[in-house]
Amino acid sequence: MNRKEAIELITRKIGNELIISANGYISRDLFSINDKTTNFYMIGSMGLASSIGLGIAIKNPKKRIYVFDGDGNILMNLGSLTTIGTLKPKNLIHLVFDNGSHESTGGQPTCSNSISIAKIAKAANFKIFQVENESQFERILTKIKKLSGPIMIVVKIKNSEEVSGRVSLKPSDIKKRFMGK
Amino acid sequence: MKEKIQRQMFDYLQNLGVKNLVGVPDSTMKYFIDQGLKKNKILIATREEEAIGIAVGMSLSKCHSLVFMQNAGLANSISTITSLVQLYQIPLIFLVGWRGYLQNDAPEHRKIGEIQSSILKLIGLKSKIVKDDNWKLCCKWALKQISNGSSCCLVIQRLF
């Protein structure tokens, strides 16, 4: 499964829930597959998707918040896992699309090949799941509907040749429509 | 700033509707932070960029938010301020301690203390220096800035 296939599957499964998607190819793929006003696409500020998700989760306890993150992204802000694990927001679901590399900057390796991000999250009070194919992913997405967070799903993905176009919305418009203005 | 004023300032901001305070501690404002901890109204993050991210999430949920930090943290945060807060026009109040304001502060604070005002100007973050005799006006000014959709910064000098 590549990232695009994984994002296609999850967006089909979760419908109109709030999504905070990390900068780089993750936001680009999400934008090209399933653009909607409840998506907050990050363009810069790498590493902060889970923190923005936490802020939203705290203020919106009745909504489920999905963070679409990458391995390189979360490795830049591991402290975020400890803050989330301390506050334990029940409505936060953290997806890490893990290709073991910084794909958008040329495929340089990350440490997720030798260190388990899921184990770090587990130590930080997350319920963790790891999936490697579409049927596992689909099953876990059904299962977590009945679980309370914080939940992390590490989705192992393969790199692909196909690159989605940039997010063409103005950042201030991404914000306004996300806020329902 | 005096202990009493710092505590009053925290309560005043809460009453003005700035309900979310996230940051990394600084001794320059320790009573302000302590007041928030006592009332369980403050969140301590691991790094300043993380604190800004959380506050942005709260601001996206239509809640006024403040991020506090030392000026070392301001240096850490420049990219997050330019590529998140300013790029998306997200209104936040920054409260930044001014270490290195006095010449005899510890050596690691001297350089950042010298360039702090220039950094704020360069990145285009409007700021005011909060003191014991102008803190209410500064808080009102900051609230006006974020109500108009702009971020701003309140600076507390370290005078000890």
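Trainee: Which residues line the largest cavity?

Mentor: In this predicted model, the lining of the largest cavity consists of Asn2(A), Arg3(A), Lys4(A), Asp29(A), Glu103(A), Lys158(A), Asn159(A), Ser160(A) and Glu162(A).

Trainee: How does that lining split by class?

Mentor: The cavity lining has 6 charged and 3 polar residues, with no nonpolar ones.

Trainee: How much space lies in there?

Mentor: About 40 Å³. A search of the whole structure for cavities of 30 Å³ or more turns up 1.

Trainee: And how much space is in the largest pocket?

Mentor: About 260 Å³. Its lining is made up of 17 residues, and those nearest the centre of the pocket are Asn23(A), Asn73(A), His102(A), Glu103(A) and Ser104(A). Helix 2 (25-34), helix 4 (71-75) and strand 5 (101-102) of chain A are the elements giving two or more residues to that lining.

Trainee: Which element gives the largest share of it?

Mentor: Helix 4 of chain A, with 3 residues. By class, the pocket lining has 10 polar, 4 nonpolar and 3 charged residues.

Trainee: Staying with helix 4 of chain A, where does Asp71(A) sit? Buried or exposed?

Mentor: Asp71(A) is part of helix 4 of chain A. It counts as buried because its relative accessibility is 2%, and the cut-off for buried is under 20%.

Trainee: What does Asp71(A) touch, leaving out residues up to four places away in sequence?

Mentor: Asp71(A) touches Val96(A), Phe97(A), Asp98(A), Asn99(A), Gly100(A), Ser101(A), Thr110(A), Ser112(A) and Ile117(A). Take Ile117(A): 46 residues separate it from Asp71(A) in sequence, while the C-alpha to C-alpha distance is 7.8 Å.

Trainee: What about Ser80(A), buried or exposed?

Mentor: Ser80(A) is in helix 5 (residues 79-87) of chain A, and it counts as buried because its relative accessibility is 0%. Setting aside neighbours within four places in sequence, Ser80(A) has contacts with Ser50(A) and Ser51(A), and with Thr46(B) and Glu50(B) from chain B.

Trainee: Switching to the largest nonpolar core, which residues touch the most other members?

Mentor: The core has 84 residues, and those touching the most other members are Phe68(A), Leu95(A), Phe97(A), Phe137(A), Ile153(A), Val155(A) and Phe94(B). Helix 3 (residues 48-60) of chain B supplies the largest share of this core, 7 residues.

Trainee: What is Ile153(A) in contact with, beyond four places in sequence?

Mentor: Ile153(A) is in contact with His94(A), Leu95(A), Val96(A), Phe129(A), Val131(A), Phe137(A), Ile140(A), Leu141(A) and Ile144(A).

Trainee: Which residues of helix 6 of chain B are buried?

Mentor: Trp135(B), Cys138(B), Cys139(B), Trp141(B), Ala142(B), Leu143(B), Gln145(B) and Ile146(B). In chain B, they pack against helix 1 (3-15), strand 4 (93-98), strand 5 (127-129) and strand 6 (152-157).

Trainee: How far does that helix reach from its first C-alpha to its last?

Mentor: Helix 6 (residues 135-147) of chain B reaches 18 Å with its 13 residues, close to the 18 Å expected at 1.5 Å a residue.

Trainee: And what follows helix 6 of chain B?

Mentor: Gly149(B) follows it, with a positive phi near 90°.

Methods:
Residues are numbered from 1 along each chain as its sequence is written. Chains are lettered from A and ligands numbered from 1 in the order in which they are written. This is a predicted model: local features need pLDDT of at least 70, side-chain atom pairs count only at pLDDT 80 or more; totals for chains, interfaces and linings use all residues. Side-chain values use heavy atoms; hydrogens and water are left out. A nonpolar core is a set of buried Ala, Val, Leu, Ile, Met, Phe, Trp, Tyr and Cys residues joined through side-chain atoms within 4.5 Å. Buried means under 20% relative accessible area, exposed over 50%, partly exposed in between (1.4 Å probe, protein chains only). Helices (H or I, at least four residues) and strands (E, at least two) are DSSP runs, numbered from the N terminus. Contact means heavy atoms within 4.5 Å. On a 1 Å grid over the protein atoms alone, a cavity is a set of points where a 1.4 Å probe fits but cannot get out, and a pocket is an open set with protein on both sides within 12 Å along at least five of seven lines; lining residues have an atom within 4 Å of a point. Grid points are joined across faces, edges and corners, and a volume is the space filled by probe spheres set on the points. Ala, Val, Leu, Ile, Met, Phe, Trp, Tyr, Cys and Pro count as nonpolar, Asp, Glu, Lys and Arg as charged, and the others, Gly among them, as polar. The expected span of a helix is 1.5 Å times one less than its number of residues.
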